[in-house]
Amino acid sequence: MAAAAAAAIFILDLFIPLGVAVPMLYVLPILLSWISPGWRITAVTAGSCIILTLLGAVLSPGELSTAVATNRALASTLGLVIAWLVIRQKQSAVQVAEAHQAREESEEKFAKVFHASPYPIGITEVTTGRCIEVNDACLQLFGFSREEVIGSTTLMLGIWPNQQDRVRLVERLKAGEPIRNCALTLKTKSGDVRHILISSDLMEINGTLCMITLGNDITNRKQAEDALLEREQQFRAVFNQTTCGIAQTDSTGRYTLVNDRYCEIVGRLREELLTLSMHDITLADDLLANADQFRALVQGGPSFVIEKR
């Protein structure tokens with residue numbers, strides 16, 4: 001279309017006297033080159049129009065005067081300026097399109113990771129706590145449907161047993177302090193208490209400051225740790241209160257744990273015993289027999305009973 005317009009203007013220029021400002025019309029094909037992709041087409045169109053303007057000065061009827069030459073020069077300059085502006089606009093449009101495509105690809109990748117993650121992830125508005133998006137793992141953990149969550153606030157959903165926990169979380173993020181594996185207690189829809197490690201950060205979505213939060217449910221692990229701690233406390237209570245002397249050694253016979261009664265029996269302080277091995281307090285006459293039985297036990301042999309002196 002731009003080429004056809006330039007040809008038409010050139011033909012018109014050939015039949016009109018030089019004094020008429022026909023060369024100014026060459027701006028039209030340069031502008032029409034906007035609809036063609038790529039900056040090179042605009043550059044070629046502008047160059048062609050300048051050449052046609054110069055040819056028109058030679059071939060058009062009438063005398064070539066200074067005014068005519070000035071008119072042609074101004075037309076050529078105007079064409080170059082318009083071409084430069086069109087090329088800049090095209091390049092800007094390409095950059096915007098590439099940035100938009102890159103953003104769409106980035107958002108698509110984020111969405112795939114977000115929804116495929118086995119860890120619960122949620123995005124909420126900082127000021128209101130309104131839920132913008134959650135993944136399936138989050139819905140599964142808390143027992144809500146997507147319709148119940150999206151648009152509701154976390155306070156409305158009742159997942160914070162202590163609402164000040166969220167306030168402190170937001171304050172830390174606003175202060176620039178990263179939230180990584182922060183242990184919190186949250187409630188599910190059914191009222192069950194879950195122990196979760198929270199990692200959170202701030203992000204802006206459509207001009208709204210939001211908080212993206214990833215959780216790691218450690219409830220089962222914490223219950224196992226609590227049970228282990230309770231059993232250990234029970235063991236220590238029995239270990240320390242029993243009237244029998246009890247000692248624990250490593251595979252070399254070095255003491256690692258002794259109770260008060262054992263210290264009384266052997267007549268040594270706990271601190272001293274923990275620097276010794278059972279062989280250090282065994283009489284020389286019994287040492288060989290004791291060492292053989294102990295070595296067999298370490299290698300998987302049967303337990304044994306021996307009288308100590």
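Predicted model: local features only at pLDDT ≥ 70, side-chain atom pairs only at ≥ 80, totals over all residues.

User: Which residues lie nearest its centre?
Analyst: Gly 122, Cys 138, Phe 142, Thr 154 and Ile 159 do, out of 26 residues that line the largest cavity.

User: Which helices and strands supply at least two residues each of that lining?
Analyst: On the strand side there are β1 (121-125), β2 (131-134), β4 (193-205) and β5 (208-217). The helices are α5 (136-142), α7 (154-157) and α8 (164-174).

User: How does that lining divide into nonpolar, polar and charged?
Analyst: For the largest cavity, 20 lining residues are nonpolar, five are polar and one is charged.

User: OK, pockets. What is the volume of the second largest pocket?
Analyst: About 220 Å³. Its lining includes Arg 103, Glu 107 and Phe 110, along with Ile 123, Ile 132 and Glu 133. Met 203, Glu 204, Ile 205 and Asn 206 also line this pocket.

User: How does the lining of that pocket divide?
Analyst: Five of the residues are nonpolar, one is polar and four are charged. α4 (66-116), β2 and β4 each supply at least two of the lining residues.

User: Back to α8. Which of its residues are buried?
Analyst: Asp 165, Arg 166, Leu 169, Val 170 and Leu 173 are the buried residues of α8.

User: Why do those buried residues line one face of the helix?
Analyst: Looking down the axis of α8, they fall within an arc of 130°, so they line one face. As a general point, an α-helix has 3.6 residues a turn, so residues three or four places apart point the same way.

User: What covers the buried residues of α8?
Analyst: The cover includes β1, α7, β3 (179-187), β4 and β5.

User: What comes after the helix?
Analyst: Gly 176 follows α8, and the phi of Gly 176 is positive, near 85°.

User: Last topic, β6 and β7. Do they run parallel or antiparallel?
Analyst: Antiparallel: three bridges join β6 (residues 247-249) to β7 (residues 255-258).

User: Which residue in β7 is the bridge partner of Ala 247?
Analyst: Val 258.

User: How many residues sit between the strands of that hairpin?
Analyst: The hairpin of β6 and β7 has five residues between its strands, and Gly 253 takes a positive phi near 95° there.

Definitions and conventions
Residues numbered from 1 in each chain as written. Heavy atoms only, no water. 1 Å grid on protein atoms, 1.4 Å probe; cavity = no way out; pocket = protein on both sides within 12 Å on 5 of 7 lines; lining within 4 Å. Helix = DSSP H or I, 4+ residues; strand = E, 2+ residues; numbered from the N terminus. Nonpolar A, V, L, I, M, F, W, Y, C, P; charged D, E, K, R; others polar. Points joined across faces, edges and corners; volume = space filled by probe spheres on them. Pairing = 2+ DSSP bridges. Buried < 20%, exposed > 50% of the residue type's maximum accessible area, 1.4 Å probe, protein only. Arc of directions from axis to C-beta. Contact = heavy atoms within 4.5 Å.
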